[in-house]
Amino acid sequence: MEKRIMGRGGFPASVIGLGTWQLGADWGHVEETDALRVLDAAAEAGVTFFDTADVYGDGRSETLIGSWLKNNPGLRVHVATKMGRRVDQVAENYTEANFRTWLDRSRKNLQQDTLELVQLHCPPDAVFTSDRVFDALDQLVEEEVIARYGVSVETTAQALKALERTHLSSIQIILNAFRLKPLDEVLPRAQELGVGIIARVPLASGLLSGKYDLDTQFAENDHRNFNRRGEAFDVGETFSGVDFETGVRAAKEFTQLVEEFGPEEASPAQVALAWVAAQPVTTVIPGARRPGQARDNAAAADLKLNPVLLDRIRELYDRYFRAQIHHRW
């Protein structure tokens with residue numbers, strides 16, 4: 001699989017990675033054996049980049065990955081984790097002392113002395129302008145607690161502010177066919193500066209798979225059920241912030257476009273991933289709850305898309321979503 005360099009002084013990451021939120025929590029329960037099989041399948045398909053966080057299942061996702069790494073010492077898989085969501089979301093909690101506590105926990109979970117990439121996990125706006133925060137991160141790099149750092153953001157404004165930081169390695173941001181705003185300024189600026197882009201929620205929480213209809217039900221502990229109006233965290237993380245009914249209608253049209261202009265036998269989900277990978281990003285991190293999903297996601301790396309399809313996807317966004325969400329994130 002194609003690999004792209006993860007930002008300043010970074011490592012080569014597969015263009016299709018694996019997001020592991022699903023293996024921790026908030027997407028319905030996944031048994032440990034099934035989670036490990038997902039990691040196996042992804043690696044066998046050429047995935048070399050796993051993304052996790054210390055709050056996914058209160059460390060469950062990290063611990064599963066750490067165990068898997070220990071049992072697969074010959075495989076070179078790079079792991080990025082995130083920190084910052086274990087406390088109330090105020091800038092005062094983003095301290096060096098807290099960083100050290102959180103990172104010690106993540107190093108234990110992942111069974112790594114030095115964490116390859118640590119991202120601030122969608123922190124408050126004030127964190128992005130705090131020299132104290134980024135000085136602390138630089139100190140942790142100096143001490144080899146972490147090798148490099150990045151930020152995960154909710155808004156393009158946060159991303160642009162983060163890009164002012166000299167030692168920033170990567171930005172993780174929502175990008176998919178239903179969320180195009182990062183293409184305007186964030187991706188061009190990151191490319192200019194050599195900062196990596198990790199594209200998350202590439203399937204709009206599954207909408208772009210084309211498998212949902214208005215009667216689809218989600219588990220009680222699935223964020224697509226309990227966070228549709230932002231009850232638990234930023235609503236932009238769930239269905240990319242679009243209302244479910246509109247998303248279902250747009251997804252039906254997206255599927256029709258794939259059938260008309262997409263590569264033969266490619267699924268809507270694969271085309272959606274290939275669309276993100278065709279942008280100036282470093283890696284795309286779809287999640288997977290089953291090994292087959294992980295393999296299908298990885299196969300999207302080989303797809304070549306018709307330029308007509310690319311134009312139609314933008315037109316679809318303009319018609320359904322620009323007025324609703326473009327100004328928000």
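**Sheet, helices and rings in a predicted model**

Student: In this predicted model, how many bridges join strand β5 to strand β6, and which residue of β6 stands opposite M83?
Tutor: Strand β5, residues 78-83, and strand β6, residues 117-121, run parallel and are joined by 4 bridges. Within this pairing, the residue of β6 that stands opposite M83 is L120.

Student: Which strands stand at the edges of the sheet?
Tutor: The open sheet is formed by 8 strands with parallel pairing, in the order β3-β4-β5-β6-β7-β8-β9-β10. Two of these strands have a single partner strand each, so one side of each is left without a neighbour in the sheet. The edge strands are therefore β3 (18-19) and β10 (283-284).

Student: Which residues have the most contacts inside the largest nonpolar core, and which residues are included in the second, separate core?
Tutor: The largest nonpolar core has 100 residues, and those with the most contacts inside it are F50, F99, I171 and F178. One of them, I171, touches V151, V153, A159, A162, L163, V195, G196, I197 and I198, if residues up to four places away in sequence are not counted. A second, separate core has 8 residues, including F11, F49, L117 and I285.

Student: Over what arc around the axis of α7 do its residues V186, L187 and A190 lie?
Tutor: In helix α7, residues 186-193, V186, L187 and A190 are buried. What covers the buried residues of α7 includes α6 (156-162), β8 (170-174) and β9 (196-200).

Student: Is L160 buried, partly exposed or exposed, and what distance separates its C-alpha atom from that of E185?
Tutor: L160 has its place in helix α6, and a relative accessible area of 26% makes this residue partly exposed. Not counting residues up to four places away in sequence, L160 touches E185, V186 and R189. Although L160 and E185 are 25 residues apart along the chain, their C-alpha atoms are separated by 7.9 Å.

Student: Near what value is phi of E265?
Tutor: E265 has its place in the loop between α9 (244-261) and α10 (268-277), and is exposed with a relative accessible area of 76%. D58, in the loop between β4 (49-51) and α2 (60-71), is a residue other than glycine with a positive phi, near 55°. E265 is also a residue other than glycine, and its positive phi is near 70°.

Student: What is the angle between the planes of the aromatic pair W21 and Y56?
Tutor: The count comes to 16 aromatic pairs. W21 and Y56 form one that is stacked, with 5.9 Å centre to centre and, between the planes, 20°.

Student: Is the pair of F218 and F239 stacked, edge-to-face or tilted?
Tutor: F218 is buried, and so is F239. The ring centres of F218 and F239 are 5.9 Å apart and their planes stand at 55°, so the pair is tilted.

Student: Which residues do ring pairs link into a cluster?
Tutor: W21 and Y56 are both buried, and they belong to a cluster held by ring pairs. The residues linked in this cluster are W21, Y56, F226 and F233.

Note on methods
Residues numbered from 1 in each chain as written. Predicted model: local features only at pLDDT ≥ 70, side-chain atom pairs only at ≥ 80, totals over all residues. Heavy atoms only, no water. Core = buried A, V, L, I, M, F, W, Y, C linked by side-chain atoms within 4.5 Å. Buried < 20%, exposed > 50% of the residue type's maximum accessible area, 1.4 Å probe, protein only. Contact = heavy atoms within 4.5 Å. Pairing = 2+ DSSP bridges. Helix = DSSP H or I, 4+ residues; strand = E, 2+ residues; numbered from the N terminus. Phe/Tyr/Trp six-rings, centres within 6.5 Å; stacked < 30°, edge-to-face > 60°.
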